[in-house]
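Welcome! Here is a friendly first briefing on one part of the structure shown below. Take a moment to look it over before reading on.

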Amino acid sequence: MELARASPRGPARPRVLIVGAGLAGLGAAQRLLQGSRHFADVRVLEASGRAGGRIRSGKLRNKVVEMGAHWIHGPCRENPVFQLASKYGLLDDDALAEENQQVEVGGHPLGPSACYSSSGQLLSHDIVGSMGVLFFTLLEESREFLHVAKVPVPSVGEYLKEAIVQRVKEWPDDEETKRLKLAILNIFFKLECCVSGTHSLDLVALGPFGEYTMLPGLDCTFPNGYEGLTECLMASLPKGIVLFDKQVKTVNWESSYLEEAPTGRNFSVQVECEDGEKFLADHVIVTVPLGFLKEHQESFFYPPLPPQKMAAIRQLGFGTNNKIFLEFEQPFWKPDCQMLEVAWEDESPLAEPSTDLEATWFQKVAGFIVLHPAERYGHILCGFIAGKEAEFMETLTDAEVLSALTQVFRRATGNPQLGPPKNILRSKWHSEPHTKGSYSYVAIGSSGDDIDVLAQPLPEDTSDSKPPQVLFAGEATHRTFYSTTHGALLSGWREANRLIHIYNMSESPHSAL
Ligand SMILES: Cc1cc2nc3c(=O)[nH]c(=O)nc-3n(C[C@H](O)[C@H](O)[C@H](O)COP(=O)(O)OP(=O)(O)OC[C@H]3O[C@@H](n4cnc5c(N)ncnc54)[C@H](O)[C@@H]3O)c2cc1C
Ligand SMILES: *[C@@H]1O[C@H](CO)[C@@H](O)[C@H](O)[C@H]1NC(C)=O
Ligand SMILES: *[C@@H]1O[C@H](CO)[C@@H](O)[C@H](O)[C@H]1NC(C)=O
């Protein structure tokens with residue numbers, strides 16, 4: 001049997017614990033076990049009863065729908081999630097087509113959509129389209145402040161609003177048309193809140209906004225559910241290395257814990273679970289969501305995190321984006337329709353939004369995507385809602401949500417007889433105790449540097465060539481791909497590679513053994 005020699009940088013058979021069995025954690029485990037013969041002692045501790053984390057496919061009766069991640073954003077050669085999904089045979093032919101990978105659209109432009117006014121008019125494509133062009137032109141402009149020494153305003157929202165104020169002055173329209181145009185623009189603000197997972201674009205930092213990177217390729221989905229990906233990853237790992245219902249309570253580091261048997265050696269990390277069980281390790285890779293860290297960082301690490309890291313966790317943004325699936329007996333939309341939207345005529349991005357959540361939460365629903373193809377899904381709409389209204393929605397019952405949205409459809413279509421949906425299924429990401437929201441963004445007062453600070457392993461002091469004890473992965477630790485599945489996977493690989501590299505180095509013939 002070939003055994004690696006112990007070295008000053010680490011033991012012969014390092015023991016690694018991974019906290020969290022989402023894509024970052026499973027990716028790190030697979031990379032460690034398959035990427036290096038040094039790592040055989042790897043375990044994953046998962047708080048919930050399932051793997052996948054924010055990749056979670058649900059069932060609306062017999063139809064598979066995504067409660068969390070839905071698209072592969074930018075499915076191209078550089079996208080590791082696309083690569084892995086292709087390798088596992090989880091994508092359909094359209095998604096695999098070479099042309100699909102070359103489309104440069106920056107997201108998922110939807111085909112024909114139907115936009116209603118809240119007084120029951122179907123709005124013209126011209127007026128909706130022109131507002132879309134204006135919004136996305138300004139949004140592109142707001143990505144151009146990355147290397148600018150001084151930003152004109154702190155947030156993306158303020159930048160967009162100031163630009164719109166200027167544009168409105170040039171509009172030749174009457175007051176009523178101007179109001180309608182602003183109401184339509186507000187839909188795009190809400191959609192972008194969902195994309196960024198934030199309550200308001202006023203919370204999204206302008207300077208770093210351009211750092212988020214979009215890969216080429218027309219966004220694609222998993223015909224049998226995104227969860228197929230994490231299932232394949234699970235199946236590739238040795239049986240029993242992922243322990244479920246193991247919520248980590250504290251990560252003790254910078255210490256020395258003697259394990260009498262079987263190793264008879266000291267470990268610098270001890271991980272303590274809520275159920276009292278303790279695990280010793282040389283290295284722990286923490287992949288818990290930023291939302292969880294925000295809530296528990298004071299008690300989660302002992303000794304506590306360095307102040308700079310604490311500040312990064314506080315300052316980076318983590319908000320809620322929820323989905324509401326509604327299944328209808330009969331569609332009230334045209335067969336090729338991709339999306340339904342409502343322009344609330346009393347709203348404008350330039351006005352203060354209502355704070356009466358109970359009375360107006362449903363106006364925050366940014367739009368309803370029509371799930372295609374109809375042969376697979378029947379007639380299902382997926383509504384998106386972000387921010388405080390999304391969190392309020394989580395406190396309501398299914399019946400309350402269904403009733404409120406039925407009223408919205410009746411009002412928008414001008415058909416008071418429109419039948420209610422026959423089924424509802426929705427996500428409640430803010431209430432998930434192990435997630436506490438949906439995904440991260442760079443909030444005002446923070447920057448990409450905070451993401452790097454969050455990703456930095458501990459101890460910080462590497463002068464005495466101490467190996468890292470606590471490593472950080474997860475969506476929120478990826479400076480350019482945060483909030484995505486590929487960002488999560490790459491972050492897991494990054495930390496696994498960090499460890500592999502250290503042990504590779506220590507067996508090199510030139511290292512001082
Ligand atoms: C509604 C929604 C829509 C999305 N849409 C897309 C999309 O279309 N495309 C895309 O690319 N991305 C999308 N995302 C983002 C994507 O899902 C995430 O970025 C990615 O799945 C995060 O992976 P992760 O491993 O970093 O975290 P997670 O998947 O959250 O994994 C972390 C794991 O840690 C566990 N955990 C937490 N606390 C503890 C503890 N104390 N002890 C032990 N375990 C713990 C959790 O239970 C969880 O399983 C979406 C997310 C949401 C919520
Ligand atoms: C473990 O650490 C303790 C305290 O640092 C030390 O006294 C002891 O010698 C170490 N034991 C082994 C087996 O390395
Ligand atoms: C570690 O070493 C192996 C074999 O020598 C090599 O294939 C791999 O790329 C190295 N990995 C890292 C992260 O250094």
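**A strand and its sheet**

Strand 17 (residues 367-370) pairs with strand 18 in the antiparallel sense over 4 bridges. Two strands count as paired if DSSP finds at least two bridges between them, and helices (H or I, at least four residues) and strands (E, at least two) are DSSP runs, numbered from the N terminus. This is a predicted model, in which local features need pLDDT of at least 70, side-chain atom pairs count only at pLDDT 80 or more, and totals for chains, interfaces and linings use all residues. Residues are numbered from 1 along each chain as its sequence is written, chains are lettered from A and ligands numbered from 1 in the order in which they are written, and side-chain values use heavy atoms, leaving out hydrogens and water.

Partners of strand 18
- Strand 15 (residues 321-327) runs antiparallel to strand 18, joined by 7 bridges.
- Here I324 stands opposite G383 in strand 18.

Burial of strand 18
- In strand 18 (residues 380-386), 7 of 7 residues are buried, meaning under 20% relative accessible area (1.4 Å probe, protein chains only).
- I380, C382, F384 and A386 point one way, while L381, G383 and I385 point the other way.

- The open sheet has 6 strands in the order 5-16-17-18-15-19, with mixed pairing.
- Its edge strands, strand 5 (113-117) and strand 19 (423-426), each pair on one side only.
- Strand 16 (residues 339-343) joins strand 17 through 2 antiparallel bridges, with L340 opposite F368.

Notes
Buried < 20%, exposed > 50% of the residue type's maximum accessible area, 1.4 Å probe, protein only.
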